[in-house]
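Let's take a walk through this model together, one piece at a time. Have the sequence and the 3D view open as you read.

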Amino acid sequence: MKEYLKYLLILITLNVISQNEKIQQKLEKINDKYIMKHNGVDYDINTEIITIKLKKGKNISKKYKVIRKNKFGFIDIQVPSNVVITDFANSLSIESEIDEVEYSSVGKYIDFFPNDSEITLQWYLTNINMFQAWDFAIGTPNITVSVLDSGTDWTHTDLGIGNDIYQNIHLNQGEDVWSDPNNPSTGNGLDDDNNGFIDDWKGWNYANNSNDTRTMNPHGTQVAGIVGAKTNNNRGISGLAGGNNQEGIKILPYCIGVIAPVGALIDDAIIDAVDNGANVIQMSLHVGPSNAIDTAIQYATDNDVVVVCASGNSTPAIAVQYPASNNNIISVGATDQNDTRANFSNFGNNLDIVAPGVGIHTTTLSDNYIAVDGTSFAAPQVSGVAALILSINPNLTAQEVRNIIESTAQKVGGYAYATTSGRNNGTWDDEMGYGLLNAHQAVLAAQATLAPTITIDGPSTICHDGLEAFTLSGVPSGATVVWEHSSNLDKNIPLTNNTQIVVESNLSGPYENDPFQDRSAFVRAIVNGQPVQFDFWIGTPNPEVLSGDPDPNKVYKISDDCIVYFEDAAQQLNLNTSNFQFAPHNIDDFSGSTIYGNVVPMWCITQAPYLNLIFEARMKNECGWGEWKPFTYFLQGYDPNYPGGYGFSMFSPSPEADLTVEIQEGELVKNRSIALEDFGVDAKTTKDTYSIIIVDVYGFIKYQKNGIKDKKFNIKKAQWAQGIYYIRVTNSKGDVQTKGLAIN
Amino acid sequence: MKNLMLAILFIICMDCNEDDSCNWELIESAPVNNTVNQNLLNEVFSNENDYFKDFGDTLLIISDEQELFNISNIETDMGIDFEKYTLVGGKFRTSSISNEISTIALYKCNPRSEYRLEVIVKQCTECFAAIGNLYYWKIYPSSIDSKSNILLTIK
């Protein structure tokens with residue numbers, strides 16, 4: 001007997017295994033964690049969610065908690081607590097209505113590693129967590145970093161025009177382009193944008209007052225490369241914000257001195273950089289204190305331009321030099337490969353942050369590369385990260401960018417970072433400022449400043465029976481969530497929480513029999529007081545007629561088009577012959593009922609003065625065919641083939657404006673002939689004449705005129721009281737047409 | 001021919017106190033006449049010369065053509081009469097590429113045969129914040145040879 005039971009168990013097990021063909025993934029359990037291996041990578045399994053796909057036409061059992069569905073039929077369901085995920089998957093796989101069962105893995109972000117040939121020499125990228133930062137931002141061309149320096153060689157192929165089809169040099173759009181983009185003397189010789197500089201297409205050289213910022217001093221080219229050398233272009237180095245083999249941020253070069261910076265030029269260059277759209281101003285220099293420079297820096301700050309400057313070098317180190325010591329500037333000191341302060345890096349009360357500044361590999365003259373030392377090369381790393389932050393959220397203020405950079409710094413090097421008066425962005429140390437630049441955390445913080453995209457996801461249509469889940473995503477942690485829903489829904493209380501609501505329709509009776517019942521529904525989450533709403537439809541949507549035609553303000557004559565355009569009231573279905581049906585009635589008044597998508601062309605055949613369009617239409621969706629919805633249009637018409645046939649229309653754009661009356665005549669009225677005398681029409685006139693009378697509801701005459709020949713005329717009604725009026729128009733044969741008029 | 005020998009001194013003294021036991025004598029440098037190819041010497045003592053790439057602060061005493069060739073790889077005669085003169089040159093690190101050398105003076109510590117090469121740097125007041133190297137050279141009477149002990153002092 002035991003042997004029999006043993007074989008029975010084996011058979012049951014084999015049956016389960018065959019059901020597990022529905023589960024394609026193989027899991028391993030390692031140290032209480034479920035792992036899925038793929039291409040040599042171990043992925044952790046999310047043990048709270050499992051994804052299934054139903055067989056066609058099947059519904060999911062109510063015993064499962066649905067988290068979300070997508071339009072391709074995949075449904076995420078909650079793994080019940082205290083149930084092993086593999087057991088749950090196996091139980092799902094034996095459900096007849098389920099076609100596929102899939103585990104959900106916890107993914108891994110892929111660090112972006114550019115293909116630039118000398119990137120391995122850029123050790124500093126690792127220390128400031130640049131590779132992780134590039135997963136989120138790599139620089140966008142709407143952000144400009146102005147480099148105030150010894151000039152920038154924009155012919156360097158890792159900055160300007162090279163073999164690539166793009167460049168990271170700012171081009172002044174207000175200035176005429178140079179006919180040879182590498183020759184500044186080929187401009188048109190004009191100050192096209194009236195900014196005081198002729199042909200300043202690629203920055204300006206204040207030192208020699210020319211439009212060529214290339215000089216013999218490589219310093220500015222070295223600084224510019226760190227910020228914006230083309231990234232992932234298979235050449236040279238990776239700039240911090242140099243784009244991903246396409247335009248990154250733009251470098252706007254200003255030469256403010258060749259051998260040494262000239263203090264008298266710096267203030268002007270700062271102001272011009274601001275006026276020319278710079279988002280960040282990068283300086284790696286120091287000069288004597290200057291009110292003119294302070295004023296220019298204040299101007300930059302007032303315009304939300306981030307200003308970054310090197311703290312300066314001295315051996316032994318001294319206090320942070322000017323202008324880095326200006327409180328509106330982010331002052332940057334230098335560290336070495338061990339994340340300790342470089343011995344030459346000036347520090348003290350005015351130091352804000354540090355970045356690597358020893359052996360910094362970057363671009364230099366002659367289309368070459370070099371390793372250089374100094375706080376000069378730490379500052380552009382901060383400028384580059386500031387540009388990345390603004391690439392993510394260009395609406396941040398300069399102070400907000402500064403706060404992000406400072407508050408995310410790494411507390412490295414074993415220094416005594418401490419809470420310090422006047423330093424509100426975290427602990428601070430006089431040798432390291434807030435610490436080492438952290439590009440990764442900075443861009444993450446920038447992302448967090450974007451308005452959270454809170455959305456509700458769920459089905460666009462629910463049928464009359466069954467529970468449906470709607471899921472809220474993008475909710476900030478700790479947020480308060482209050483759910484609301486339309487009155488035609490009931491909330492399923494036990495399944496409601498901060499991120500999900502489960503509802504069902506409470507429409508009474510077979511809703512299909514009542515096409516006028518309000519079946520538009522919504523669920524709404526109030527997140528921290530802000531509403532987020534998701535609209536959907538209960539059951540089969542109703543057809544509606546788009547505005548325009550049939551038009552009650554139009555006078556129709558026989559064979560005029562009365563084309564009817566239908567649409568789905570729930571805006572979900574593209575109408576076609578399989579999901580839309582049309583049924584005409586009172587076919588004496590119109591003809592034509594062929595359906596072309598959502599269009600039913602019809603032609604009026606009625607006699608004057610009225611015609612009725614009466615028809616029905618219905619739609620079908622996953623809930624089945626809806627009820628026929630009737631449509632009735634009582635339109636104005638006339639028969640132009642009948643002698644004396646006419647109609648009139650009215651238009652008044654506002655209560656104060658004149659009332660415009662326009663009379664439409666039938667063809668035989670317009671073209672009187674002697675033969676028409678048989679009908680008693682005055683053969684001497686070529687157009688009919690009309691009389692018009694307007695009375696109010698009490699019968700008092702508001703307007704009267706006889707012998708009207710104009711077919712379009714205005715009636716002043718500005719002083720008329722609000723109310724209902726009647727207009728009666730009579731032609732020369734005594735045919736009368738009457739309409740109502742409301743003045744609001 | 002003198003023995004080929006380069007004296008590379010790494011003894012750098014910034015703002016050092018002078019040795020009180022010395023009676024310092026200023027050694028006049030030789031006048032640089034038209035026969036000396038100054039442009040070429042400026043090129044030898046510059047960051048374009050890869051010889052210096054692997055060295056930090058450096059002071060070289062060059063006593064013959066071969067030694068000069070060894071550091072420059074230039075065969076052109078630079079016009080220095082090494083029978084009468086010795087070339088002293090090198091480089092040192094400075095806090096800004098905008099700094100400049102103001103004066104170079106060589107002092108002999110009498111009665112000892114020791115020297116002090118004093119380089120006075122004109123510190124920039126308007127500076128780029130890049131660490132730079134300053135290169136220098138001077139021609140002195142050949143009483144200084146490669147065995148001499150020269151202290152480089154930067155002020």
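Before we start, one term: two residues are in contact when they have heavy atoms within 4.5 Å. Keep in mind, too, that what you're looking at is a predicted model.

With that in hand, begin with chain A. Among its contacts between residues at least 6 apart in sequence, 63% join residues at least 24 apart. Its secondary structure comes to 11 helices and 43 strands. Chain A has 744 residues, and buried ones make up 50% of them.

Next up, the cysteines. Over all chains, the structure holds 2 disulfides. One of them joins A:Cys463 to A:Cys623, with 2.0 Å between the sulfur atoms. A:Cys463 sits in the loop between strands S20 (461-462) and S21 (468-473) of chain A, while A:Cys623 sits in the loop between strands S34 (610-621) and S35 (624-625), so this link ties together parts that are 160 residues apart in sequence. The link is left-handed, at -95° about the S-S bond. A:Cys623 counts as buried because its relative accessibility is 16%, and the cut-off for buried is under 20%.

For the other disulfide, move to chain B, where B:Cys124 and B:Cys127 pair up with their sulfur atoms 2.0 Å apart. This one is right-handed, with 120° about the S-S bond. Both ends are covered: B:Cys124 is buried at 17% relative accessibility, and B:Cys127 is buried at 1%. Back in chain A, A:Cys255 is buried with a relative accessible area of 0%, and A:Cys309 is buried with 0% as well.

Now for the charged side chains. A search of the whole structure turns up 12 salt bridges over all chains. A:Arg423 and A:Asp352 form one of them, 2.5 Å from N to O. That pair links distant parts of the chain, 71 residues apart: A:Arg423 is in strand S18 (residues 423-428) of chain A, and A:Asp352 is in the loop between strands S13 (330-335) and S14 (353-356). Both residues are buried, and they belong to a network of salt bridges that also takes in A:Arg402 and A:Glu406. Elsewhere in chain A, A:Glu247 and A:Lys250 make a salt bridge, with their closest N and O atoms 2.6 Å apart. A:Glu247 is partly exposed at 36%, whereas A:Lys250 is buried at 8%.

Finally, see where the two chains meet. The contact takes 27 residues from chain A and 11 residues from chain B. Together the chains bury about 1300 Å², and 58% of it is on carbon and sulfur atoms. Which three residues supply more than any other three of the area that chain B buries against chain A? They are B:Glu126, B:Phe128 and B:Ala129, which supply 48% of it. Across this interface there is 1 salt bridge, in which the side chains of A:Asp373 and B:Arg93 meet at 2.8 Å, N to O. On the side of chain B that touches chain A, the residues divide into 6 nonpolar, 3 polar and 2 charged.

Note on methods. Residues are numbered from 1 along each chain as its sequence is written. Chains are lettered from A and ligands numbered from 1 in the order in which they are written. This is a predicted model: local features need pLDDT of at least 70, side-chain atom pairs count only at pLDDT 80 or more; totals for chains, interfaces and linings use all residues. Side-chain values use heavy atoms; hydrogens and water are left out. A disulfide is a pair of cysteine sulfur atoms within 2.5 Å. Helices (H or I, at least four residues) and strands (E, at least two) are DSSP runs, numbered from the N terminus. Buried means under 20% relative accessible area, exposed over 50%, partly exposed in between (1.4 Å probe, protein chains only). Buried area is the accessible area (1.4 Å probe) that two parts lose on being put together, summed over both. A salt bridge is a side-chain nitrogen of Lys or Arg within 4 Å of a carboxyl oxygen of Asp or Glu. Ala, Val, Leu, Ile, Met, Phe, Trp, Tyr, Cys and Pro count as nonpolar, Asp, Glu, Lys and Arg as charged, and the others, Gly among them, as polar.
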